[in-house]
Amino acid sequence: MIKVENLYHSYNNNEKFQAKNVSFEIKEGEVFGFLGPSGAGKSTVQNILTGLLPLQKGKVTVDGYDLKQVHNKRFNRIGVSFEQSNIYSKLTALENLKYYADLFDVPTRDPEELLKLVGLEGKGNDRAGSFSKGMKHRLTFARSMINNPKIWFLDEPTTGLDPAIAATIKDIIRSEKAKGTTSFLTTHNMYIADELCDRVAFIIDGEIKLIDTPKNLKQQYGEKLVEIEYVKEGEIYKETLKTVDDSDKEKIANIIKSYEIKTMHSKEATLEEIFIQVTGRGLI
Amino acid sequence: MKMFSSYLKEMKIASRGFYFYIEILVAVILLLVVLFAINPEPDGKQVEYLYYDMSDEVFDYLVDKDITEGRARWIDDTEFELNPIAFELKNEDTGKVVSYDFKDSKTVTARTFVGLREKTGKIGKTAHILDSEEDALRLSFQNGNVAATTTVNEEGDFSYRYFLQGYETDRYSNMLYVLHTYSQDEIDAQMDTQVIRETGANTVPMDNQEAVVPIFVVIAGALMGIFIIMAYVFLDKDEGVIKAFAVTPSSIWNYLVTKIFVVMTTVIISSTIIVIPIMKLRPNYLLFYLFLLVTTFAFSSLGLLISSFFDTISKAFGVLYTIMITLALPAFSYYISSFDPVWLRFFPTYPALQVMKDLLMGQGDIANVILYSLVFLVSGILLLAMANSRFKKTLTV
């Protein structure tokens with residue numbers, strides 16, 4: 001559905017690239033995570049894919065359309081949920097959705113149903129300007145689904161939302177995936193990526209460092225660990241030990257034999273830990 | 001359909017915002033000011049205090065002639081309270097200064113007639129005839145108006161003395177001088193050599209109220225159009241909604257044209273508020289609205305082009321202010337007929353103002369109106385095409 005080959009982009013049209021030799025391919029129905037810290041180049045790549053930035057160098061096809069040419073019709077099959085809420089504050093939630101529905105040439109979803117889906121039921125006639133930040137974010141998210149997109153760009157879809165609403169948003173993404181929607185998810189939240197993505201790309205300084213499934217990454221880069229909490233001479237101690245290291249294995253056996261065990265959990269490396277391991281940089 | 005939906009959305013947003021009401025409020029305030037604070041009669045406030053130093057027979061002959069020929073009519077006598085006053089008179093010819101100091105107060109009654117305008121029959125001036133030159137002078141300085149004395153000597157020759165306040169123009173002083181220095185035959189002979197072009201048959205000039213309308217209509221359509229359309233675009237940029245629009249199948253062209261339609265609607269409403277109550281049935285409304293729409297279209301397109309160069313209205317403000325002041329300059333020429341340099345005629349608001357004035361007076365030459373409408377239409381299309389091209393690159397960046 002999306003194919004990017006040797007993409008370069010510079011905001012100042014010089015040799016200082018915000019995207020450098022970026023190449024990847026996303027298959028139909030896949031949820032592809034684009035992960036990296038702020039300023040890594042995630043939004044630059046997404047903006048090129050959505051047509052908000054011009055394609056300077058490289059070859060990009062989205063849904064079969066070559067982005068070197070302008071094809072407004074392609075947006076009938078594309079939905080974009082922006083990180084920053086961008087809705088008409090003077091219009092009500094329903095008016096916002098109905099207006100955008102009119103801009104598409106394809107059958108659109110019922111605005112009331114979409115509001116219900118994102119937990120804004122009963123708020124349809126309230127002006128969007130009176131909404132909280134989270135509500136605006138949900139309205140922006142709902143708007144991105146108005147045209148039943150086949151390719152869905154999601155920029156930090158759960159940022160700033162409370163856990164319950166974030167869980168709802170994640171469920172919606174899963175349900176759209178089940179319908180066959182291809183999603184391009186841009187985030188710096190590795191837990192979301194881990195939960196939702198079929199594959200992830202780590203991007204830093206405009207370059208993709210690796211692309212793989214979260215499972216493969218954990219197998220390849222993650223260490224198998226055990227976290228033990230035990231009582232020694234009346235005090236509680238906590239240690240994280242590797243199950244593949246001989247000295248640690250001996251230590252685990254000794255703790256079990258000698259002390260009272262309070263808790264003991266096996267632990268996988270997180271995507272965040274792997275990201276740091278691969279790129280040498282944190283995600284903030 | 002998309003454009004209509006965008007237009008309805010834009011109208012909803014505009015009607016719930018501040019800018020939409022600015023222009024309408026300005027129109028309502030201006031209408032009230034024009035109707036209740038501006039005297040419709042041109043020079044209607046011109047008041048003269050006259051003293052005729054001549055026999056009653058000669059006086060009656062002079063005034064009766066004007067009255068029978070429809071140039072004047074008597075109205076009720078006017079009573080004036082004369083207060084103590086001191087002033088100096090300087091003779092412009094000799095330079096001699098005479099001081100006056102009146103310490104008494106008294107009431108005087110003046111016979112009053114009004115001078116009527118030739119074409120409209122409306123009042124042009126009010127003249128109060130006093131019993132003495134001294135009273136005429138006191139009133140003149142008390143109220144800041146012109147006084148004049150007309151004398152007939154024993155040979156039957158008239159002599160005139162004017163008492164001006166000092167703020168009158170040289171042109172006015174010279175006119176008074178010429179009027180009484182040369183014989184009527186000499187003046188007539190001179191006038192015969194003048195080429196007089198009639199700009200319209202049976203032209204009725206605008207009164208003071210009507211004269212305000214072309215300025216408002218052009219300024220509202222042009223300058224407010226530029227300002228308001230820029231405000232709308234920058235509001236959208238600020239809210240980020242342009243990015244959301246850019247990822248729909250609708251075109252930037254659609255977005256820009258919709259904005260222009262909103263400004264056109266605002267300008268039509270605000271202009272109608274002013275034009276209909278003041279001009280009534282005088283204009284050719286079909287041509288008026290046609291010209292109003294094409295000028296608004298052209299100036300709004302200019303506003304769009306300017307806004308395509310900036311991210312925020314604060315960054316655009318310097319250029320916006322300069323352009324608005326520049327485009328407003330022809331308004332000075334409109335009010336001050338002596339200020340009409342050739343370079344000013346190249347400003348688009350200059351022909352807009354002249355054509356609009358003709359249209360509102362109900363005397364617009366259709367071919368001329370259509371010609372200028374086409375010029376504004378083509379200019380608007382070119383400006384819009386340039387704005388569209390620039391916005392494709394900058395609207396979402």
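What percentage of the 284 residues of chain A count as buried? In this predicted model, 40% of them do.

**Figure 1. Overview of chain A.** Chain A contains 9 helices and 13 strands. Its C-alpha atoms fill a box of roughly 70 × 50 × 35 Å along the principal axes. Take the contacts in chain A between residues at least 6 apart in sequence: 69% of these join residues at least 24 apart.

**Figure 2. The open sheet β12-β11-β13 of chain A.** Three strands make up this sheet, and their pairing is antiparallel. Strands β12 (235–242) and β13 (260–267) of chain A form the edges, each pairing on one side only. From one strand to the next, the twist averages 15°.

**Figure 3. Pairing of β11 with β12 in chain A.** Strand β11 of chain A covers residues 225–232. Its antiparallel pairing with β12(A) runs over 8 bridges.

**Figure 4. Helix α1 of chain B.** Helix α1 of chain B spans residues 2–15, 14 residues in total. At 1.5 Å a residue it should span 20 Å, and its end C-alpha atoms are 20 Å apart, so the two values agree.

**Figure 5. The buried face of α1(B).** The buried residues of this helix are B:Ser6, B:Lys9, B:Glu10, B:Ile13 and B:Ala14. Seen down the axis of α1(B), they fall within an arc of 135°, so they line one face of the helix. Their packing partners come from both chains: α2 (93–102) of chain A, and α2 (19–37) and α9 (252–279) of chain B.

Definitions and conventions: Residues numbered from 1 in each chain as written. Chains lettered and ligands numbered in written order. Predicted model: local features only at pLDDT ≥ 70, side-chain atom pairs only at ≥ 80, totals over all residues. Helix = DSSP H or I, 4+ residues; strand = E, 2+ residues; numbered from the N terminus. Buried ≥ 20, exposed ≤ 12 C-beta atoms within 10 Å, placed from the backbone. Contact = placed C-beta atoms within 7 Å. Pairing = 2+ DSSP bridges. Axes fitted to C-alpha atoms, helices over the stretch in contact; angles between N-to-C directions. Expected span 1.5 Å × (residues − 1). Arc of directions from axis to C-beta.
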